Amino acid sequence: MKRFFLLITAAFVFVSVSAQMKDFSYKFYGRVRTDVFYNSRHNVESVEGAFFMYPKDIQLDPNGEDLNAVSNSGDFIFCTRLGLDITGPMLFNAKTTAKIETDFGGFSTSVLGNFTTLRIRHAYVNLDWGRSSLLVGQTWHPLFGEVLPSIVNLNTGCPFQPFSRSPQLQYNYKFSRFNLKAAAVFQNQYRSSGPLGSKMLEYSRDAVVPEMFVGIDYRKEGFIVGVGADVLTLTPRTQSTKGELTYKVSERNVSASLLAFASYSSEWWKLNAKTIYGQNNVHTLSLGGYGVTSIDPVTGAYDYVNFNHSTSWVNVVYGKKWQVGLFGGFTKNLGTNKPLVSSSMTYGMGMDIDKLYNMSVQTDYNIKNFTIGVEYSYSVADYGTIQTATGKVTNTHAADNHRIAALCNYSF
């Protein structure tokens, strides 16, 4: 009887798997990537130095020597990744697909040091009705979009190009040559900053309302042009301590961003550009943030004001097997619309930077699935003092970095 039960169970599993294989198809993909870099000074960065953003400020010791003027280099392979594309059966009259993608860019700490761990890059399900589609899960933030630089550095142009993968509900509707996109976005791996510290999930969760994005683009024969708008709502604090008393407070900070982008690609040329007038886009690894503009004398509750930043980049690449490319990015702090209580009561990234710019040149060789490339980039950050009346940064001085990056990538 036991043997009979096992045979029935095995037959059921076989039939179930066979039925699943008839309705589903799977395609594995990935890459093995090695990167090597050199910097002329210490920088603001993440992922063990792999993700470069901008130079650190000058910090003088008693002898007048800059503590951050230290060259450094390294190599990493944890951007090797593996993905799975899944095509499934029809559901609600829609074609169903899914994606799961991971790499080794997560880190854990033990007594022996830091170790790379698997992390989720993309994980979503997409329902496609032909003209419209609905995506549920984690993928690129809408501000990252489909127009991005083609460069050697892993940061893909950050902090000029927004960079974030976020859980979201994304709806797309196509009509003629236009595509309308609307998304409700939540924070997870990439987070906002605030009075309780940087990169805290509570700021967005306590706000309840997700980040909202809407955009439209036009496409024709290798050409894309589009615009979009994004609104982020945060609750920086839910309680405030005034003397020995703690009060429940209802704080809110709402920020908005506008973007425009354009792309042209042909057999030999790639031209991409994007410009953003943004507020508080720290969760996309962009410069910006907000500060306190008033304090309630009884409860200690804060009112907030956003810093305004203008950011633009342009990227040109020529060639096929052999490619050469140029990249330029620029960010400017435009200040605040209200005075600040104090320059120390500001929350974000690069708040004491007036302007930041980067210029890069690269060359790479491509054959089938194999790419090797090298890139030189020069970055300058103008640091200074935040003026409480305007939020602008004055009395600036420059900190610069020379970076050389090289990659070897095999895709499959």
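Trainee: What share of the 412 residues of the chain counts as buried?

Mentor: We are looking at a predicted model, where local features need pLDDT of at least 70 and side-chain atom pairs count only at pLDDT 80 or more, while totals for chains, interfaces and linings use all residues. Residues are numbered from 1 along each chain as its sequence is written, and side-chain values use heavy atoms, with hydrogens and water left out. Buried means under 20% relative accessible area, exposed over 50%, and partly exposed in between (1.4 Å probe, protein chains only). By that cut-off, the buried share of the 412 residues is 45%.

Trainee: What is the radius of gyration of the chain?

Mentor: The radius is taken over C-alpha atoms, and the globule rule is 2.2 Å times the number of residues to the power 0.38. With 412 residues, a compact globule would come out near 22 Å. The chain agrees with that, at 24 Å.

Trainee: How many strands are there in the chain?

Mentor: Helices (H or I, at least four residues) and strands (E, at least two) are DSSP runs, numbered from the N terminus. The chain has two helices. Its strand count is 23.

Trainee: What is the angle between the planes of Trp269 and Tyr318?

Mentor: Rings of Phe, Tyr and Trp (its six-membered ring) pair if their centres lie within 6.5 Å; planes under 30 degrees apart count as stacked, over 60 as edge-to-face and the rest as tilted. The structure holds 19 such pairs. Trp269 and Tyr318 form a tilted one, 4.7 Å centre to centre, with an angle between the planes of 55°.

Trainee: How many residues apart in sequence are the parts that this pair ties together?

Mentor: At 39% relative accessibility, Trp269 counts as partly exposed, and so does Tyr318 at 36%. Trp269 lies in strand E16 (residues 269–279) and Tyr318 in strand E18 (residues 302–319), so the separation in residues is 49.

Trainee: The charged end of Arg237 sits over the ring of which residue?

Mentor: A charge sits over a ring if NZ of Lys or CZ of Arg is within 6 Å of the ring centre and within 35 degrees of the ring normal. The charged end of Arg237 is 3.7 Å from the centre of the ring of Tyr302.

Trainee: Is Ser193 buried or exposed?

Mentor: Ser193 sits in the loop between E10 and helix H2 (202–205). Beyond four places in sequence, Ser193 touches several residues, including Tyr203, Val282, Tyr290 and Tyr347. With a relative accessible area of 4%, Ser193 is buried.

Technical notes:
Contact means heavy atoms within 4.5 Å.
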